[in-house]
Amino acid sequence: MTNQISPADLRNWLLDDKELALLDVREEGVFGADGHLLFAVCLPMSRLELDILSLVPRKSVRLVLCDGGDGLAERAAAKIDDWGYENISVLAGGVPAWEAAGNVVFRGVNVPSKAFSEFVEIESDTPNVSADELKAMMDGGENMVVLDSRPWVEYRRMNIPTGIDCPGAELAYRVHDIVDDPERTVVVNCAGRTRSIIGAQSLINAGVTNKVFALRNGTMGWALAGYDLETGSDRNFLPVSDAGLNDALECAERVAKRFGVQTINHATLEKWQSETETSSLYLLDVRNPDEYAAGHLPGSLSAPGGQLVQATDKWAGTYRSRLVLIDDTGVRATMTASWLIQMGWPNVFVLKGGLDDTALESGAQQAPMIPVENNVEKISVEDLKQQLDDGSATVVDVATSLEYKAGHIPGAWWAVRSRLGDSLAKIEGEGTLIFTSPDSVLAAYAASDAVGLTDRSVKLLEGGTAAWKADGMPETQGFENMADQNNDIQYKAYDHDDNIEFHMQEYLSWETGLVEQVERDGTARFKHFPV
């Protein structure tokens, strides 16, 4: 029997100074729509094996699981207990009981980071301009530049005209080369508000002498004002010059002094790595993913600084743990650390000489995962095509609903792994069930689950849907053969097919209302450092 924790006791845990991993195991879309605790980290039941070891690396940490009061957390607890986690509790009555006890429930995702940016704008009085004001500046030929603080993929999807991609942690590092005129005005944007505010305030905190503004409401505000966005743009930053680096290092030094950013050396890191059974440790490389892939510290995770501030709960699942930030010069790590300190993380450190004199690994991130329990037989693309042609197989796709919508194997059914038992009953036919997902990783776990849920033969598509597409096989777009409700993920405003302006307005209103909710909740420890 799993330990139960009352809302009152959990609140006390949230307010003490000990490490706490608070996981909500509902699917992200349900987590966002139905509401959750402020510092709950969304780790869907569907992805437990894939993400828990990186999100919660210490198996003796206080670990509390939340759900909607439907028993999902108990199911998750049984699995996690089998994996060696020693101190598991389930929130009695789930989130409904938390709310019934008089506590605040938050909707949406990455709420601590979103609320924090609104706190920053209020406390720092971050300068901003509206879409109309920015358009007038452009039309008037003002000496100005737009810097887009989002990752490259987001920027390529849509951007403000003339905007240059320069993700959050890169701003103070690269602005001196991008903006070589002290009289040039800098406008920082993102899709909505968070990264616009944090990006602009980063440059101000760093002591950049240019006028700096956040674009109020980002690309959403621009679109709502009736202006066109660009798509597929390729304006990016160049390598940092020696002069630019010297200026960036001076900025980082000012920021470190103001916000009390602490550094550690490699000897201290090695000591902490020997203490991970008693203190959780996260090694986070805040450079761009391509730099990480070229060479990174073994055991570190790729966590680009701007995104880490935007969605801290994506990487660090244990609150009040040790966070060690890594880069090559210390600039991006220092800027990122300054924000995490202001967010209330008490143990944030920059690794001095982070990549110096160290044997580095190359390649994309390989996060640890719980092994698949059963060895399901694999099937090749060619064999699947033959079985689909003769009607002896049915494909079950457990990609996200948006991935499925964008392109899937013709005739495939879509399902959510955590609710697979209900979905299988809706899938027609009696032939073999072939499971797939974009890279087949999630599908392997789902196929293993299915063996115990159906009498039909179960196989796994080798290489997943990516292999099917790589072989030039046909694909279909849209929502069809939906064996479950597509509430698996939180849709962004741009992900909807219609009423996009409504969804934009709804999102912006939600974000600006978070500060009042956080104040009522009382568990956040946001900090303001007066100049």
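The lining of the largest cavity divides into 12 nonpolar, five polar and one charged residues, where Ala, Val, Leu, Ile, Met, Phe, Trp, Tyr, Cys and Pro count as nonpolar, Asp, Glu, Lys and Arg as charged, and the others, Gly among them, as polar. The model is predicted: local features need pLDDT of at least 70 and side-chain atom pairs count only at pLDDT 80 or more, while totals for chains, interfaces and linings use all residues. Residues are numbered from 1 along each chain as its sequence is written, and side-chain values use heavy atoms, with hydrogens and water left out.

The structure holds four cavities of 30 Å³ or more. On a 1 Å grid over the protein atoms alone, a cavity is a set of points where a 1.4 Å probe fits but cannot get out, a pocket is an open set with protein on both sides within 12 Å along at least five of seven lines, and lining residues have an atom within 4 Å of a point. Points are joined across faces, edges and corners, and a volume is the space filled by probe spheres set on them.

Of its 18 lining residues, Phe39, Val41, Asp313, Tyr319 and Trp345 are the closest to its centre. Strand S2 (20-24), helix H6 and strand S14 (318-319) each give two or more residues to this lining; helices (H or I, at least four residues) and strands (E, at least two) are DSSP runs numbered from the N terminus.

The second largest cavity holds about 140 Å³. Its lining has 17 residues, with Gly168, Ala169, Ile198, Ser202 and Gly306 nearest the centre. Helices H9 (171-178), H10 (194-205), H15 (305-310) and H16 (331-343) each give two or more residues, and H10 gives the most, with five. By class, this lining has seven nonpolar, nine polar and one charged residues.

Helix H3 (48-55) and strand S12 (281-285) each supply at least two of the lining residues; S12 gives the most, with three. The lining has seven nonpolar, seven polar and four charged residues.

Turning to the strands, five of them form an open sheet in the order S6-S10-S9-S7-S8, with parallel pairing. Strands S6 (128-129) and S8 (164-165) stand at the edges with a single partner strand each, so one side of each is left without a neighbour in the sheet. Two strands pair if DSSP finds at least two bridges between them. S6 is joined to S10 (residues 212-215) by two bridges, and Val129 stands opposite Leu215 in S10. S10 pairs with S9 over three bridges, with Phe213 in S10 as the bridge partner of Val187. S9 (residues 185-189) and S7 (residues 144-148) pair over five bridges; here Val188 in S9 is the bridge partner of Leu147.

H6 (residues 111-124) also packs against another helix. Its axis and that of H22 (residues 500-512) come within 9 Å and cross at roughly 75°, the axes being lines fitted to C-alpha atoms over the stretch in contact, with angles from 0 to 180 degrees between N-to-C directions. H6 and H22 are therefore roughly perpendicular, a label for angles of 65 to 115 degrees. Val111, Lys114, Ser117 and Glu118 in H6 meet Tyr507, Trp510, Glu511 and Thr512 in H22, where contact means heavy atoms within 4.5 Å. These residues divide into three nonpolar, two polar and three charged.

How values were computed
Angles under 35 degrees count as roughly parallel, over 145 as roughly antiparallel, 65 to 115 as roughly perpendicular and the rest as oblique.
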